[in-house]
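Please examine the sequence and the model shown below.

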Amino acid sequence: MKRFLHRAKLAVALSAIAATVTSSLAPMRVQSQALLLSQNVNFKPPDVTAPGSRQGGTHRGSKLCPAGLSITPLVPPTNIGLTLTESPTIFVYVPQTSAEIEFTLLNDNEDKVVYEKTFKLDKSGIVGVSIPATDNNKSLEVGKRYVWSFSMVCDPEDRSADLVVKGFVQRIEPQATLKSDLANPDPMTRLNVYAKNGIWYETLATLAQMRRQTPGDAMLTAKWTQLLQSQGLESVATQPLVGPL
């Protein structure tokens with residue numbers, strides 16, 4: 001009889017433990033799913049398009065640029081991105097190369113240089129070029145479209161051999177609601193506001209800055225990868241950030 005009672009008590013205790021474990025696992029599963037969903041940056045491209053393609057092809061090969069080398073600008077498939085600032089940052093993936101990279105910003109008619117910069121990288125990766133604002137003249141005017149390009153100078157004596165990619169940037173004036181939403185000092189909130197409103201260059205720059213500040217943050221890395229993949233940039237989504245210029 002004592003043995004029977006002992007077994008009965010043991011069975012009740014085991015059932016209670018199982019129920020406790022099951023109830024504790026349920027919220028853990030919900031939390032994991034919520035964490036996964038929170039990794040997405042839901043960028044909504046605006047209804048604007050631009051001519052051309054963001055891909056410049058691959059190089060036929062030279063001393064500075066081996067055959068098959070390519071550079072990839074970080075821009076949506078429409079080949080244009082919006083900005084709210086007069087001095088946005090344009091991002092590009094540059095492979096390992098000893099060639100110089102020339103960045104040029106032109107007006108929409110491509111007959112006036114607004115800004116240009118030449119640089120070299122000592123390793124492959126994604127770099128952001130920030131367009132400076134001057135005291136006397138705003139770099140980007142509201143409502144205007146600008147053309148930018150990255151040229152890999154494969155043969156300094158023959159610039160026709162450059163590997164070139166082009167894209168567009170257009171500055172817009174934020175509406176009152178957008179201004180109010182962006183007044184929030186929290187960078188994650190601002191990131192989501194930029195993405196929801198289709199402001200490409202600030203979405204990318206904000207997330208890049210957050211990653212530089214906390215490079216070991218797995219959630220930010222996941223957000224970055226997902227954002228680039230959502231815009232067809234899978235080939236460079238996992239490439240490292242190598243610093244701003």
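## Thr 97 and its surroundings

In this predicted model, the side chain of Thr 97 reaches the backbone nitrogen of Ala 99 at 3.0 Å. The side chain of Thr 97 also reaches the backbone oxygen of Leu 64, at 3.2 Å. Thr 97 is placed in the loop that runs between strand E3 (89–94) and strand E4 (100–107).

The relative accessible area of Thr 97 is 9%, and because this value is under 20%, the residue is classed as buried. Leaving aside residues up to four places away in sequence, Thr 97 touches Leu 64, Leu 69, Leu 121 and Met 152.

## The disulfide

The structure contains 1 disulfide, which joins Cys 65 to Cys 154 with an S to S distance of 2.0 Å. This pair links distant parts of the chain, 89 residues apart. Cys 65 belongs to the loop between helix H1 (2–38) and strand E1 (72–73), whereas Cys 154 belongs to the loop between strand E7 (145–153) and strand E8 (163–171).

The torsion about the S-S bond of Cys 65 and Cys 154 is about -95°, and the disulfide is therefore left-handed. Both Cys 65 and Cys 154 are buried.

## The four-stranded sheet

Strands in the order E1-E3-E6-E9 form an open sheet of 4 strands with mixed pairing. E1 and strand E9 (241–244) stand at the edges; each has a single partner strand, so one side of each has no neighbour in the sheet.

E1 pairs with E3 in the antiparallel sense over 2 bridges. Thr 72 has Tyr 93, in E3, as its bridge partner. Helix H4 (residues 200–213) lies across E3 and E9 and runs at about 65° to E3.

## Helix H5

Helix H5 comprises 13 residues (residues 218–230). From its first C-alpha to its last, H5 reaches 18 Å, close to the 18 Å expected at 1.5 Å a residue. The buried residues of H5 are Leu 220, Lys 223, Trp 224, Thr 225, Gln 226, Leu 227 and Leu 228. In general, residues three or four places apart point the same way, because an α-helix has 3.6 residues a turn.

What lies at the start of H5? There, a side-chain oxygen of Asp 217 reaches to within 2.9 Å of the backbone nitrogen of Met 219. H5 is followed by Gly 232, which has a positive phi, near 75°.

Definitions and conventions
Residues are numbered from 1 along each chain as its sequence is written. This is a predicted model: local features need pLDDT of at least 70, side-chain atom pairs count only at pLDDT 80 or more; totals for chains, interfaces and linings use all residues. Side-chain values use heavy atoms; hydrogens and water are left out. The expected span of a helix is 1.5 Å times one less than its number of residues. Buried means under 20% relative accessible area, exposed over 50%, partly exposed in between (1.4 Å probe, protein chains only). A polar contact is a pair of N or O atoms within 3.5 Å; within protein, one must be able to donate a hydrogen and the other to accept it, and residues adjacent in sequence count only if both atoms are side-chain atoms. Contact means heavy atoms within 4.5 Å. A disulfide is a pair of cysteine sulfur atoms within 2.5 Å. Two strands pair if DSSP finds at least two bridges between them. Axes are lines fitted to C-alpha atoms, for helices over the stretch in contact, and angles run from 0 to 180 degrees between N-to-C directions.
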